[in-house]
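Work through the following exercises with the model open beside you, and try each task before you read its solution.

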Amino acid sequence: MKRLFTIGSGFFIYSIIPIASWLVLALILGDSRITNVFSLTYAIQFVWSILKYFFASGANIRKEKEQDNNAVWNSIFWGVIFSTIIFCVPIILVDNYISFFGQDVEFYKMFVLYSLMQLYLQILFSLIIEKLYFEDKDKEANIHLIVFNLLNFCVLILSCLFINTTWIALLITILTLLIYVIFLYIKEFQKFKISFNFIKNFKYESANIVSSLFMMLIYLFGFKNAFSAGTEYVLALNFVGLCTDTQWDTMNAISTAAKVDISKNRFQYRKFLKESYIFGICIIFTSIIMFFSLFSFYDIILKIAIIYLILQISDMIFNPYRTIIDVYTQLEYSPTLNTIINLTLKVVRFLISLFLISPYCADIAQLIQGMLTFIVYLIIRFTQYKFLDGKLIVKKNLINNQIPKEEIKKDLENN
């Protein structure tokens with residue numbers, strides 16, 4: 001439980017401060033439209049996720065599974081290169097990106113560019129942070145998360161308060177974060193050999209990579225539909241996103257902790273499931289508290305916003321269980337099957353968000369996909385796995401005598 005809340009607190013800080021930055025920035029500059037940048041660039045956050053899964057968590061899992069000490073820094077090296085190339089695309093095509101959502105290019109361009117550059121620095125930062133988590137340096141990782149995000153918030157706000165030219169204030173913030181990232185890379189650097197075997201990382205995070213790819217498409221087209229429905233829906237959608245996105249990011253602690261424990265062969269299924277649901281309930285309550293504490297400060301229609309909130313919270317309820325079985329299936333049973341499941345259900349979600357004529361299309365599609373995923377993993381759990389001596393075991397390993405007989409005997413005696 002302590003580990004979940006430790007990692008979760010780091011993720012919470014990592015997410016809440018950038019969100020708070022947009023809210024305060026909008027107040028300082030006197031234009032609430034600035035907060036809409038959060039939703040405008042939401043789809044690009046999944047580009048960040050793809051790069052993180054492939055070059056960070058995938059590499060760290062491979063290091064543990066294959067005892068390849070070169071895997072992590074070699075992947076960080078390639079991660080920096082690919083991240084730079086990939087993020088150059090939306091930065092160069094920023095006018096087209098904003099026009100795709102039907103928004104004012106002249107007003108949003110500067111803020112969208114800032115957001116994209118911030119996301120780029122966050123992926124470079126995450127490559128090191130993920131490494132620290134897998135080395136069980138949770139507190140050190142959280143310290144860096146706090147410092148990085150406080151720098152982001154304080155430098156941005158102070159610069160905007162004392163510098164009249166907004167773009168200079170934004171540039172100063174980006175340069176400050178870049179300096180901190182460079183410092184962190186120098187501090188953590190280890191010698192490595194450059195190789196192309198980073199491709200092997202895909203096996204360990206294939207489901208999440210494919211899932212994030214479709215999430216990017218879902219929010220590109222789903223949010224485009226919502227934005228075209230009217231200003232009242234844009235404001236409500238953006239407000240609920242600000243109240244729940246931090247919690248979704250914090251819930252990633254379940255996935256991270258499960259990957260670390262399974263990779264190190266210390267995963268206790270029943271205990272971890274119980275702790276994950278306690279953790280998840282706390283996260284849900286913080287979303288509700290944030291929503292009702294802040295909604296009166298923003299010009300939103302409460303009825304519309306509550307519908308968005310209910311859809312988000314309903315999906316959160318299913319998240320702990322499906323996350324655990326998802327990670328376990330990926331690492332211990334069949335990455336191929338897990339990728340197929342995620343790909344199929346993401347296609348369903350994408351089609352619903354694309355063709356459902358409703359300003360709630362993206363959130364309805366999210367809930368349907370979440371419920372279907374829960375059902376599929378529930379079936380897999382009871383048909384392919386056995387609960388044995390506090391652990392989850394693949395049944396075919398029992399048949400093939402890969403589990404010591406004394407463990408089976410002990411389990412039968414306990415039952």
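**Exercise 1.** Find out what span helix H13 (residues 335–355) should have, and compare it with the distance between its end C-alpha atoms.

*Solution.* Helices here are DSSP runs of H or I with at least four residues, numbered from the N terminus. The expected span is 1.5 Å times one less than the number of residues, so the 21 residues of H13 should span 30 Å, and this agrees with the 30 Å between its end C-alpha atoms. The model is a predicted one, in which local features need pLDDT of at least 70, side-chain atom pairs count only at pLDDT 80 or more, and totals for chains, interfaces and linings use all residues. Residues are numbered from 1 along each chain as its sequence is written, and side-chain values use heavy atoms, with hydrogens and water left out.

**Exercise 2.** Decide where the buried residues of H13 lie around its axis.

*Solution.* Buried means under 20% relative accessible area, exposed over 50%, and partly exposed in between, with a 1.4 Å probe and protein chains only. The buried residues of H13 are Asn338, Thr339, Ile341, Asn342, Leu345, Lys346, Arg349, Phe350 and Ser353. Seen down the axis, they fall within an arc of 160° and so line one face of the helix, where the arc is that of the directions from the axis to the C-beta atoms. The face turned away from this buried side carries the exposed residues Thr336 and Phe355.

**Exercise 3.** Is Ile16 buried or exposed?

*Solution.* Ile16, found in helix H1 (residues 2–29), counts as buried because its relative accessibility is 19%.

Definitions and conventions: Helix = DSSP H or I, 4+ residues; strand = E, 2+ residues; numbered from the N terminus.
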